[in-house]
Every structure is written in structure tokens, then in C-alpha cells.
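Please look through the structure shown here, beginning with the chain as a whole and then turning to a patch on its surface and a pair of packed helices.

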Amino acid sequence: MRVTSLLRPTTRFLARSTPRAVVQRQPLTRFLATGAPIAEKSIDTPIDQIPSAEARERVSTTRKALPNPQQGKSPKLRFPRSVQALYLQPLRCEAEYGIPSCDLQLRSFSIRNLEFFVDFALRAAYYLKLPAFGPVPLPRITERWTVPRSSFIFKKSQENFERITLRRLIQIRDGNPETVQLWLAFLQKHAYYGIGMKANIWDFGKLGVGKSMDAISEHALGAIEPKWEQLSQLRSLDTVEKVEEFLATSRFNTDSGKRAEGQRRFVKEQFKREKMMKRKEAE
């Protein structure tokens, strides 16, 4: 069996080099109002290198007549340093001794609000000259609830709810107690929505602070005594005198006599009932 090729023979064309005419470009020229042409190169060259005085004068006139590309453009303005700092990481002060004075814990359900307020707190600490460290990410608090969608026979249809609390920790070291209080008051005044704060503050005290706490000044004692009188343990009610006065009234005597007579009748009737019950049992 003979196999014939279905491909048609193709002819190959070889690229031949053909001579081309070389066209020389004419130098660009600019014309003045007088109509005298000036070469482009002569405009860019320094005036000292131009040989003839007439050409120098024409070049200087042409440079004045040409528009300045930089003219009319406003210079690029630079933002102030305080504005540029908003696009960078917050600055921090260095701690000299590293003694913690305040731990601020921030909580939120939204990560965007939390990160924004953490950055705000760090910047406020820097401008108050407080060495701030953080933010330290704390473990998340995950809470879940399972609630039935309906009651009775539809109890199997239940729904799950989850709430995740995100936390960050900022620590202030070597901070003045008054400055730390000012920093916390500033954050509380400009608090962001959805952010909870809890602060633990450490302060230095003298030796024997317990004795100084037990010693209460007269001014403080005078302010505390009216409050203590409202307590039931220390309230002066004159109970004994009021009880004796109540027992001495005629109304109490009358009521007590009626009450005693009623008790005698009740005991007498009860005795009769018990006696009748015993007789029935004996029969």
C-alpha cells in the first residue's frame, strides 16, 4: 500500500538585502520675530562658547522669549511633622529603671476600634513623657450560648451564639503617679465607642503605712460620724425607753387582757376535745 502525502510543497523565500537611500535629518530651527533662524544646539550651549557677538545676542533674546517649563507650577508642599507622624509608628520614651507603674487593659469586640484606640493611647503617653510598652496581645475570651429557637416539640431546633472579646495590654514604666492619673483621665475623656478599659496602678508608700491609715484625723472623723449613724449596728434608737413607754399605756393593758382571756378559752376547748377523744377510744 502506498502512502501519499497530502501536504503541498511550499516554496521558501530568502530575504534579500536591497539598497536604501539614507535621508539626512535637518537640524531643528526656531525663528524669532525677525524671522532669523537659530539652530537648536546653539540655544542649549552656554553663551561664552558662542564665537560671534551677533549670535550671542540672538541666543539670549531667544532664551528670554521661550516659555519656562517650571514657571506657573506651584512648589510641592511638605506636611508638618505632626501630620507626617500620623502615618508612622507612634514614638516612645525610654524607661530608665523599668519599674512598672500602670497596666492598662483594653477590651473590645472589634479589632479595628481596638487597634485605633491603642495607637491613640500610645501617642498620648509619648506626649506626656511616659515610657509606654506594648501593645501586648492577651488571650481571647470566647463565650458561647445555645438557645432553643422554639419550645415544646421543636426543642431540637437550637441556635448557637458566640462572642469573642479581644484584649490588649499597655504598660507604663517609671511614670509619675500624677502624670499617670492625667493620662488615664485623658483617655477616659476621649474614650472611643466599643472600648472597655481596666487599669492597675502601683504607687510608692512610706514604711509603716498601716499605722498612718489607722490614725484618722479629727476633720475626717467629723465627716464620717454622720454616715456611721445610719448603720443599724450603731444607730441609737432608745429601744428600752420606748418599750417601757409602750407597756405602760392603757391600750396595751386592755389588749393584753383580751389576749389572755382568748388564750384561756382556747386551752379549755382543747382540753375538752382531748377528753372526748380518750372516752371514744376507751369505748
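Helices, taken as runs of at least four residues, and strands, taken as runs of at least two, are DSSP assignments numbered from the N terminus. On that basis the chain of this predicted model has a secondary structure of nine helices and six strands. Of its 283 residues, 15% count as buried, while the accessible surface of the chain comes to about 25700 Å², with 56% of that area belonging to carbon and sulfur atoms. As for the contacts within the chain, 67% of those between residues at least 6 apart in sequence join residues at least 24 apart.

On the surface, a nonpolar patch is formed by Leu86, Tyr87 and Leu88, which together have about 410 Å² of accessible area. Leucine 88, one of these residues, lies in the loop between α3 (81–84) and β3 (100–108). Leucine 88 counts as exposed because its relative accessibility is 57%, and the term applies to values over 50%.

A packed pair of helices comes next. Two packed helices are described by the angle between their axes and by the distance between the axes. For helix α4 (residues 111–127) and helix α5 (residues 177–189), the angle is about 145 degrees and the axes are 10 Å apart, and the crossing of α4 and α5 is right-handed. Which residues of α4 and α5 meet? From α4 come Phe117, Phe120, Ala121, Ala124 and Ala125, and these meet Trp183, Phe186 and Leu187 in α5.

Terms used
Residues numbered from 1 in each chain as written. Predicted model: local features only at pLDDT ≥ 70, side-chain atom pairs only at ≥ 80, totals over all residues. Heavy atoms only, no water. Buried < 20%, exposed > 50% of the residue type's maximum accessible area, 1.4 Å probe, protein only. Contact = heavy atoms within 4.5 Å. Areas by Shrake-Rupley, 256 points an atom, 1.4 Å probe, with all protein chains shown as cover. Patch = residues over 30% accessible without salt bridge, like charges linked within 9 Å, V, L, I, M, F, W, Y side chains within 5 Å. Salt bridge = Lys/Arg side-chain N within 4 Å of Asp/Glu carboxyl O. Axes fitted to C-alpha atoms, helices over the stretch in contact; angles between N-to-C directions. Left-handed = near helix turned anticlockwise from the far one by under 90°.
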